[in-house]
There are 2 protein chains.
Amino acid sequence: MKKLEDLQAIISDAVRKLDFPGYPAKLYEPISYILSLGGKRMRPALLLMACDLFDGDVDAAIPPALAIEIFHNFTLMHDDIMDNAPLRRGQITVHERWNQNVGILSGDVMLIEGYKLMMQVEDRLLRPILDIFNTTAVGVCEGQQVDMEFEQRNDVKIGEYINMIRLKTAVVLGGALKIGALIGGAQLNDADLLSSFGEHLGIAFQLQDDILDVYGDPEKFGKQVGGDIISNKKTYLLIKALELADDQQKSELNGWLALKQFDHAEKVNAITTIYNSLDVRQYAEEEMQAYADKAFEALDAINLPEEHKQYLHDFADGLLVREN
Amino acid sequence: MKKLEDLQAIISDAVRKLDFPGYPAKLYEPISYILSLGGKRMRPALLLMACDLFDGDVDAAIPPALAIEIFHNFTLMHDDIMDNAPLRRGQITVHERWNQNVGILSGDVMLIEGYKLMMQVEDRLLRPILDIFNTTAVGVCEGQQVDMEFEQRNDVKIGEYINMIRLKTAVVLGGALKIGALIGGAQLNDADLLSSFGEHLGIAFQLQDDILDVYGDPEKFGKQVGGDIISNKKTYLLIKALELADDQQKSELNGWLALKQFDHAEKVNAITTIYNSLDVRQYAEEEMQAYADKAFEALDAINLPEEHKQYLHDFADGLLVREN
């Protein structure tokens, strides 16, 4: 089994070697630019890992892995326009560096380039793999739409929230693993179980992210603690708090949510105090654990040698106890 | 051979029967909306026509034809954002009716839905047809980017212009015909010739459009005469005029191009007078005829019964003498 960091290095290397046409420059330069901003290349590395798990030819999985990475960056390019984001990975976003039209059109062509790379598979796998890619891609768009709608709502339910993070972030992890497994020669049943592992792990990971935003060690988390609170992000913690709050707590929460001008630390403190009094961290950890359990259940059922499953188990454990 | 209007009716009917998910509504309603605005359904009808020409099963070609129509409407939805257009086919545009983010994201999901429909072909045709679709889709994006860049330039060359209209409008006609031909059972060589017919015809058609904008009968043309002149659109006529103009004519042309406030009729008259003195209409007609000739040359070489070729010949003649 190849190490995760080796798989990530394979992807980084392959991304560097990607060659797009020189004309029209404003269509293709932004693609090279956003791909050069880095990132952990986790999605494509998972695709390679899945192939390797079934003793498949990892080299053959590189183009579809690149397809997943390009697709992911296409969604980032368009999301940044929609969110009016000035920075991505600490660098200026495409629509700010060029302009919005460049961001829209370069993103569009990235999606097509993603299909072109995803098609670099054996004929017998072409249809099943594209079917997975389509489902994944539609899911991400649906998740983004639902997420944007949540910004305007204060009555989001936990079930809706879980479904949103499933669509927006977990489905693509499941899809990448399933595609990699099929390229690696897995039976459909095992590929489906691996997909289920990835999807549930993705939900658990996102819930952990919600928890760490408030309760993480700022040094290890690498983000501003309370960033979600400051931006009124509808996280599991906020939704659960709004669900459990009594009238006084609810009006205090809604007061903070409505405030346009406030002291950041004061708002983070006040809302964290309400979270603590309602035990929302504990609820979130239980929910996270429930999804992690489902992931491990799917993993256990896969027809793979124990040491390969242990590898995935260790990977998931590493992901879920991270404090960075 | 089925009549063009019957093929268009088949498409209109199939578009009406398209069923998208209900949730999230803001992602899918704009797709149904833009498709309901109508249009001549020319691209998908050409795909069906190509299938019919080779005695193929037209019903089998309907999903890929819908894919071409959805792809076309995806480009319209995103182009309307980029052009800041308030109206499309006389109705309010998606980004105006909902908002810009809805227009971006619904467009994205339309492109994916296009792939899903394009995949509804026999396994043996899946890869060749998707290859054509990818090439077509990339071409349209490249053409749109180049077209936007032309707005900022006064030194566009005729060759660049022809290449832009080839990418933005002609490639998709060639692609639709080629896909339809392959579904209809054509040999690759004949499908390529039919694609070449469509691409050259598309360029001729766009050149005719440039001519009609200035010289067309306003009653039959159905658009405001001189609309391209008023908006400083880089058409064949304007580019040729800038190329042929002497110093005085060039400074007069550039003066009109730079003017922010002007009387519409006065500008149309002044620029048309320059066009007339430089014979740019004649140049445009010769260029148009040259592309029509290339189209008919490709058509003649196709291995099809003469009456089938005559059908396409009549179709092309009808397209190129239209005054509406």
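Reply: Let's begin with a term: buried area is the accessible area, taken with a 1.4 Å probe, that two parts lose on being put together, summed over both. Keep in mind that this is a predicted model. Here, chain B and chain A bury about 3,700 Å² between them, and 66% of that is on carbon and sulfur atoms. As for who takes part, chain B brings 41 residues to the contact and chain A brings 40 residues.

Now for the polar side of things. There are 13 residue pairs in polar contact across the interface of chain B and chain A. The salt bridges between chain B and chain A number two. In one of these, R127(B) pairs with D123(A), with their closest N and O atoms 2.8 Å apart.

Which elements of chain B give two or more residues to the side that touches chain A? They're helix 2 (25-36), helix 4 (62-82), helix 6 (100-118) and helix 7 (123-151) of chain B. Helix 7 of chain B has the largest share of that side, at 15 residues. Sorted by class, the side of chain B that touches chain A holds 24 nonpolar, seven polar and ten charged residues.

Finally, how do the copies relate?

Technical notes: Residues numbered from 1 in each chain as written. Chains lettered and ligands numbered in written order. Predicted model: local features only at pLDDT ≥ 70, side-chain atom pairs only at ≥ 80, totals over all residues. Heavy atoms only, no water. Contact = heavy atoms within 4.5 Å. Salt bridge = Lys/Arg side-chain N within 4 Å of Asp/Glu carboxyl O. Polar contact = N/O pair within 3.5 Å; in protein donor to acceptor, adjacent residues only side chain to side chain. Helix = DSSP H or I, 4+ residues; strand = E, 2+ residues; numbered from the N terminus. Nonpolar A, V, L, I, M, F, W, Y, C, P; charged D, E, K, R; others polar.
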